[in-house]
Amino acid sequence: MKVLVIGSGGREHALAWKLAQSARVHSVTLAPGNGGTRRNPVFHHLDISDPQALCQWAQQETIDLTVVGPEAPLAAGVVDVFRAQGLRIFGPTRAAAQLESSKAFSKAFMKRHRIPTAEYDTFTDAALAHAYIDRMGAPIVVKADGLAAGKGVVVAMTLAEAHEAVDFMLLDNSLGVQHNAGGARVVIEEFLQGEEASFIAVCQGTTALPLATSQDHKRLQDADLGPNTGGMGAYSPAPVVTPEVHARAMRDIIVPTLQGMAQDGIPYSGFLYAGLMIDAEGRPKTLEFNCRMGDPETQPIMMRLKSDLFELLWAATDSQGPEALQQFDLQWDRRAALGVVMAAAGYPFNPRKGDVVTGLPADQEQAMVFHAGTTLSGDQLQVTGGRVLCVTALGDSVKAAQSLAYQTLQGIQFDGMQFRRDIGSRAIKS
């Protein structure tokens, strides 16, 4: 089998790495991949991003399965293009991907289908948004209605922070949000108390197969200080997702979402990521939906997955229906996995490019360095994006995985690098 993975981040590196381990996979091509994947002779690469051009190439090369990593190609309709030509591709259609690409669509959908989430309102007018914030008070959450690479959410602990976020998103767009039709819009919602977790399932129609639980760290600095980022590290499993919380998430959120999408005439297939806020009583509410695997959650999850990823995604794209997925039995490594993101100088607002990365360790069975914002310039590995690497390790406990991950990254060097030193701390305390 020949597989195409669309994307260039750490998530795509981890997916390609796992897909290449399948006995049925002959070749894995990344479009475009990154410096880390290009250093690995196992992978092929393709410098195409346009959905139509990717589709034509996949037809010419008789690609058997395409896996879409990031959100932008999904929102651009790459799945629709491939399916129109009869090509097998894993991911939601453009209409279904609105669960992520439009916060306003997602919140209205959840309200309509009674899926637990925070109370909210939507604004295109900055003055009305400011008045709403003054009326509701802080803390409060401001979200950009559009793709923002994981950085379009501001958890404002003060009124000043909330007002500033509205101006950023509606007036000057300093966060670089890709606005949806109708222009700039924000969703402002109540602040939920509790602990966050990432709940990801492989879906086809109304069938969902949950993956291992995980939890990421959004803030840039230790002790959850500093600005929100795309994620500074993650671990799996997440102790906060007890069997009872897991059952509630499936019953109250994942299954009703798939049933609601089918009811609305937008059947869903692909990864469905529910960002959960779990309160002190173990009741989860939906913070957001993503229509793909999380990054950096993918890296620890793929390290723990013992089942064949290709076989899983092949079952999830079976044209005969969800029966193959329903019968799939996922196997997980009993060990924990933890990944630490190493970010560029200036991340998340103005990441610096061009710094040289040195000291990378060799891949090991228990420790991998997944690349994201890197490129190869001759033999030199250089920084090209905000999150540069995710150093991921397995261990008999979260603490053991944490220890090995930090030990593994000790020799890695690039100017201005940033990383947290407390990834996994919540799980170790619990």
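**View 1. An open sheet of five strands, in the order 14-17-20-25-22, with antiparallel pairing.** Strands (E, at least two residues) and helices (H or I, at least four residues) are DSSP runs numbered from the N terminus, and two strands pair if DSSP finds at least two bridges between them. The edges of the sheet are strand 14 (215-216) and strand 22 (367-371), each of which pairs on one side only. Five bridges join strand 22 to strand 25 (residues 387-395) in the antiparallel sense. Phe 370 has Cys 390 of strand 25 as its bridge partner. Cys 390 is buried, at 2% relative accessibility; buried means under 20% relative accessible area, exposed over 50% and partly exposed in between, with a 1.4 Å probe and protein chains only.

The model is predicted: local features need pLDDT of at least 70 and side-chain atom pairs count only at pLDDT 80 or more, while totals for chains, interfaces and linings use all residues. Residues are numbered from 1 along each chain as its sequence is written, and side-chain values use heavy atoms, with hydrogens and water left out.

**View 2. Strand 7 (residues 140-144), with five of its five residues buried.** Ile 140, Val 142 and Ala 144 lie on one side of the strand, Val 141 and Lys 143 on the other, and both faces are covered. Strand 7 runs antiparallel to strand 9 (residues 153-156), to which four bridges join it. Pairing with strand 11 (residues 186-190) is also in the antiparallel sense, over five bridges. Val 141 stands opposite Val 155 in strand 9 and opposite Glu 189 in strand 11.

**View 3. Packing of helix 8 (residues 126-136) against helix 9 (residues 159-172).** The angle is about 160 degrees and the axes are 10 Å apart; axes are lines fitted to C-alpha atoms, for helices over the stretch in contact, and angles run from 0 to 180 degrees between N-to-C directions. Helix 8 is therefore roughly antiparallel to helix 9, a term for angles over 145 degrees. Helix 8 contributes Ala 126, Ala 129, His 130, Ile 133 and Asp 134 to the contact (heavy atoms within 4.5 Å), and helix 9 contributes residues including Leu 159, Ala 162, His 163 and Val 166.

View 4. A disulfide is a pair of cysteine sulfur atoms within 2.5 Å, and a search of the whole structure finds zero. Cys 203 is buried, with a relative accessible area of 0%.

Notes: Parallel < 35°, antiparallel > 145°, perpendicular 65-115°, else oblique.
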